[in-house]
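Hello,

Here is the structure we spoke about. Please open it alongside this note; the findings follow below.

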Amino acid sequence: MRIMPNTKSLILLVGFAACGFFADRGGVSAADKNQACVETLWPAAKASGITRETFDRAFQGFTPDPEVVEMANYQPEYVKPIGEYIDRVVSDKRIETGKQKLIENKALLDQLEAKYGVDRHILVAIWGVESNFGTQPGDKNIIRSLGTLYCTGTKAKFAKPQIVTALKILQHGDINLEGMNGSWAGAMGHTQFIPTTYIRFAVDQDGDGKRDIWDNVPDALGSTASYLRVSKWQPGQTWGYEVSVPKGVDPKKVNPSTMKTLGDWQKLGFVRVNGEAFPRPNDKATLFSPEGARGPSFLVLNNFRAILHYNTATSYALAVGHLADRLRGDGPFVHPWPTDETHLNLEQRTQLQQLLIAKGLLTGDADGVIGPATLEAVKSYQRSKGLPVDGFPTQTILKDLQAGG
């Protein structure tokens, strides 16, 4: 990092001071500290062809966003089991909306499949998972969010190249500063591209001279198709299959990197849950059993790995693949996700919320999604009963609520 002597330490100190982590002992205002941090970015921006006018306009009045720091450092008290995540992401409402989007955008999706070879159901599934079909793309200014990550040292290594690239996007005119909004981590638009991904793979699908993934559905879905093609998406192939595991086999003991042809897996006793044959037995697959023998298992193919290029979380790739299948008309997984002391199914989570609402500990609708409000409600209930306060929505808590507390 060729910015200033001892730059890394200075960034951390200046950044934490800017956010009020340190008391002001030298009489330097918070605004001056913020500007001092921002200035450490100028050499890299200048070297990348950013004008001073663009730089100053982007950082005018910059102050760190405390919500970004909180989100970046937040350690969830309750880690969602994959079954709960899938239930939330692949909801009936999202399936219904996704099917409508397939109809509304048929002509566009015809074009994208012909040009990029990426399955339309996957494109619409990613759109649904990333921003709920453009209705929840994020409302935080990307420059401020990334500047906060940089100046607080929270994710400075990640943030610096993203900031420089975001400035390039602004300077090119694809979006103005006010419209350059997204997530706390810098993901933007209908399908949530970070700046470096945008600059490399975004496309101007409608030919208007701009690559607008924020307000232009053709550009957003075209950019996603472009990225997946580069990520080695195989046209005409699926992401994977739910399978039945042969008796006596513990899927957790199968090395997740073990790759065999579907035909070889079948010889070992792994078969599709619908009883149909594998259409291409020579396709190579690995076994994915996130809950071991207690939940569904999958033989995942190259296209599953292509989705992982978009987001490295296996739960995300499974959700996208499953939502795409549901949009195509397939049913839910045959094998249920496990329920135990810390694994509640969707019906149980919804009932738990209904009971917490009835006790006045939770407001809003019972949707089965365990978020911060539900966790706080569980804590309040535990405190009222003299129980250990950890916020976990367990079977024991549910049964106690059902019994009237």
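**Strand residues**

T261 lies in strand 4, which covers residues 260-261. The model is a predicted one. T261 has a relative accessibility of 18%. The cut-off for buried is under 20%, so T261 counts as buried. Leaving out residues up to four places away in sequence, T261 touches P281, N282, D283 and K284.

R272 sits in strand 5, residues 271-272. R272 is buried as well, with a relative accessible area of 16%. What does R272 contact, leaving aside its neighbours within four places in sequence? The partners are Y241, E242, V243, A277, F278 and P279.

**Overall picture**

The protein has 19 helices and seven strands. Its C-alpha trace spans about 70 × 60 × 40 Å along the principal axes. The radius of gyration is 24 Å. For 405 residues, a compact globule would come out near 22 Å, so the two values agree. Buried residues make up 49% of the 405 residues.

Contacts in the protein also reach along the chain. Take those between residues at least 6 apart in sequence: 65% of them join residues at least 24 apart.

Start with V69. V69 is found in helix 5, residues 66-73. Is V69 buried or exposed? V69 is buried, at a relative accessible area of 11%. One distance to check on your side: V69 and G98 are 29 residues apart along the chain, and their C-alpha atoms are separated by 33 Å.

Helix 5 packs against helix 10, residues 142-151. The angle is about 60°, and the axes are 9 Å apart. The two helices are therefore oblique to each other. Their crossing is right-handed. On the helix 5 side, the contact uses P66, V68, V69 and A72. On the helix 10 side, R144, S145, T148 and L149 meet them. By class, the residues of this contact divide into five nonpolar, two polar and one charged.

Helix 10 has another partner in helix 11, residues 156-172. Here the axes come within 8 Å and cross at roughly 150°. That makes helix 10 roughly antiparallel to helix 11, because the cut-off for that class is over 145 degrees. The crossing of helix 10 with helix 11 is left-handed. Helix 10 supplies I143, L146, G147, L149 and Y150 to the contact. Helix 11 supplies A156, F158, A159, K160, Q162, I163, A166, L167 and L170. The classes in this contact are 11 nonpolar, two polar and one charged.

L149 is worth a look in the viewer. It is listed in the contact of helix 10 with helix 5, and also in the contact of helix 10 with helix 11.

**Helix 17 and helix 18**

How do helix 17 and helix 18 pack, and at what angle? Helix 17 covers residues 346-358, and helix 18 covers residues 372-384. They pack at about 60°, with axes 11 Å apart. That makes helix 17 oblique to helix 18. The crossing of this pair is left-handed. L352, Q353 and L356 come from helix 17. They meet T374, A377, V378 and Y381 of helix 18. The contact of helix 17 with helix 18 has five nonpolar residues, two polar ones and no charged ones.

Most residues other than glycine have a negative phi.

N132 has a phi near 50°, a positive value in a residue other than glycine. N132 is placed in the loop between helix 9 (120-131) and strand 1 (140-141). At 23% relative accessibility, N132 counts as partly exposed.

F133 is not a glycine either, and its phi is positive, at about 60°. F133 is placed in the loop between helix 9 and strand 1. With 5% relative accessibility, F133 counts as buried.

Best regards

Terms used: Residues are numbered from 1 along each chain as its sequence is written. This is a predicted model: local features need pLDDT of at least 70, side-chain atom pairs count only at pLDDT 80 or more; totals for chains, interfaces and linings use all residues. Side-chain values use heavy atoms; hydrogens and water are left out. Axes are lines fitted to C-alpha atoms, for helices over the stretch in contact, and angles run from 0 to 180 degrees between N-to-C directions. Helices (H or I, at least four residues) and strands (E, at least two) are DSSP runs, numbered from the N terminus. Angles under 35 degrees count as roughly parallel, over 145 as roughly antiparallel, 65 to 115 as roughly perpendicular and the rest as oblique. A crossing is left-handed if the near helix is turned anticlockwise from the far one by less than a right angle, and right-handed if clockwise. Contact means heavy atoms within 4.5 Å. Ala, Val, Leu, Ile, Met, Phe, Trp, Tyr, Cys and Pro count as nonpolar, Asp, Glu, Lys and Arg as charged, and the others, Gly among them, as polar. Buried means under 20% relative accessible area, exposed over 50%, partly exposed in between (1.4 Å probe, protein chains only). The radius of gyration is taken over C-alpha atoms; the globule rule is 2.2 Å times the number of residues to the power 0.38.
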